[in-house]
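Please consider the sequence and the three-dimensional model shown below.

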Amino acid sequence: MPRLLLKFNDEVLKVIDSNKDLITVGRNLKNDIQIDNLAVSNFHAHIVCQMGHFFVEDLGSTNGTFVNDRKISKWALADNDVMTIGKHTIVFLDEEVNEGQAGIEELQMEKTMILDTKKQRELIGDDTEMVEQPAGPVGRLEVLSGSTDKPGYDLSAKLTLVGKDQDSEVKLEGMLAPKIGCFISRDRSGYGLIPPEKKNKVRLNGQEVRDASSLKSGDQIEIGNVKLRFMLPEQ
């Protein structure tokens with residue numbers, strides 16, 4: 001569960017802890033985070049959880065939404081990202097990351113215990129191997145048609161941006177290519193397709209995708225004139 005800090009002039013006005021998958025931000029009183037400022041649109045932006053990842057998306061506001069001083073339409077949030085909405089800022093704190101940092105000493109102790117156990121095994125001649133839990137297979141996007149900077153892409157990251165944006169890992173080319181085509185997520189359960197803002201269409205196996213969807217090997221993704229095929233290695 002993330003924690004949000006609503007700030008004005010570097011002073012914290014409100015701390016928001018929420019387990020909701022959708023948090024709305026704007027001037028209207030119906031918003032989860034209501035900001036009474038004329039620079040803020042009635043329904044300015046929302047923060048949404050999709051496939052276990054949090055995104056902030058501008059809702060066509062007059063003055064725009066910024067993350068770390070960069071204007072965005074939709075953005076995958078990371079710990080300590082700063083969203084600017086009007087004259088206010090919202091700091092995104094990933095509690096999982098913070099809990100992990102708080103437990104560094106405990107993890108170091110566990111690591112020491114593992115090393116000590118391994119040393120003991122060596123001393124007593126126990127050749128039992130310590131086997132790590134294998135990671136899931138790494139998926140790949142193959143370019144079937146359209147213009148991209150590579151013929152294929154390995155999807156080893158937890159979150160991969162597909163689009164024309166300069167930060168895209170899968171870079172689309174051409175006049176009609178959207179800055180943000182979609183996101184590909186990866187976790188223990190497998191891979192997922194997260195669509196962009198509504199004005200950009202992405203199709204999965206010929207059907208327009210409006211919500212996060214799971215990916216299986218052989219699925220085809222269409223973004224503008226680019227057609228991609230998602231593949232997993234055979235087990």
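**From overall surface to local packing**

The protein chain exposes about 14,500 Å², of which carbon and sulfur atoms supply 49%; accessible areas come from the Shrake-Rupley method with a 1.4 Å probe, and for residues only the protein chains shown count as cover. This is a predicted model, in which local features need pLDDT of at least 70 and side-chain atom pairs count only at pLDDT 80 or more, while totals for chains, interfaces and linings use all residues. Residues are numbered from 1 along each chain as its sequence is written, and side-chain values use heavy atoms, with hydrogens and water left out.

The mean pLDDT of the protein chain is 81, and 80% of its residues reach 70 or more; pLDDT is the predictor's confidence in each residue, from 0 to 100. Over residues 99-134 the pLDDT is below 50, and this stretch has six contacts in the model beyond near neighbours in sequence. A contact means heavy atoms within 4.5 Å. Where pLDDT is low, the predicted coordinates should not be read in detail.

The protein chain has two helices and 22 strands. Helices (H or I, at least four residues) and strands (E, at least two) are DSSP runs, numbered from the N terminus. Of the 235 residues in the protein chain, 36% are buried, where buried means under 20% relative accessible area, exposed over 50%, and partly exposed in between (1.4 Å probe, protein chains only). Among the contacts with a separation of 6 or more, 36% link residues 24 or more positions apart.

Arg3 stands opposite Asp17 in E2. The two strands form a hairpin with two residues between them, and Asn9 in the turn has a positive phi of about 55 degrees.

Ala45 stands opposite Asp58, and Ile47 has Val56 as its bridge partner. E5 and E6 also form a hairpin with two residues between them, where Met51 in the turn has a positive phi of about 55 degrees. E6 is joined to E9 by three antiparallel bridges, and Phe55 stands opposite Ala76 in E9.

Why is E6 largely enclosed by the rest of the structure? Six of the six residues of E6 are buried, so the strand is largely enclosed. In a regular strand the side chains alternate between the two faces of the sheet. From E6, His53, Phe55 and Glu57 point one way and Phe54, Val56 and Asp58 the other way, and all are buried.

The largest nonpolar core has 20 residues, and those with the most contacts inside it are Leu141, Val162, Ile184, Leu193, Leu215 and Ile221. A nonpolar core is a set of buried Ala, Val, Leu, Ile, Met, Phe, Trp, Tyr and Cys residues joined through side-chain atoms within 4.5 Å. Two or more residues come from each of E13 (152-155), E16 (182-187), E17 (190-194), E18 (202-204), E21 (220-223) and E22 (226-231). E22 gives the most, with three residues. A second, separate core of 19 residues includes Ile16, Ile35, Ile47 and Ile72. Leaving aside neighbours within four places in sequence, Leu141 is in contact with residues including Val162, Val170, Ile221, Leu228 and Phe230.

Two further residues illustrate the packing in detail. Thr160 belongs to strand E14 (residues 159-163) and is buried, with a relative accessible area of 4%. Not counting residues up to four places away in sequence, Thr160 touches Leu155, Glu169, Val170, Cys182, Phe183 and Ile184. Pro195 lies in the loop between E17 and E18 and is buried, with a relative accessible area of 3%. Beyond its neighbours within four places in sequence, Pro195 is in contact with Gln50, Lys74, Val202, Val209, Arg210, Asp211 and Ala212. The C-alpha atoms of Pro195 and Ser213, 18 residues apart along the chain, are separated by 8.6 Å.

Terms used:
Pairing = 2+ DSSP bridges.
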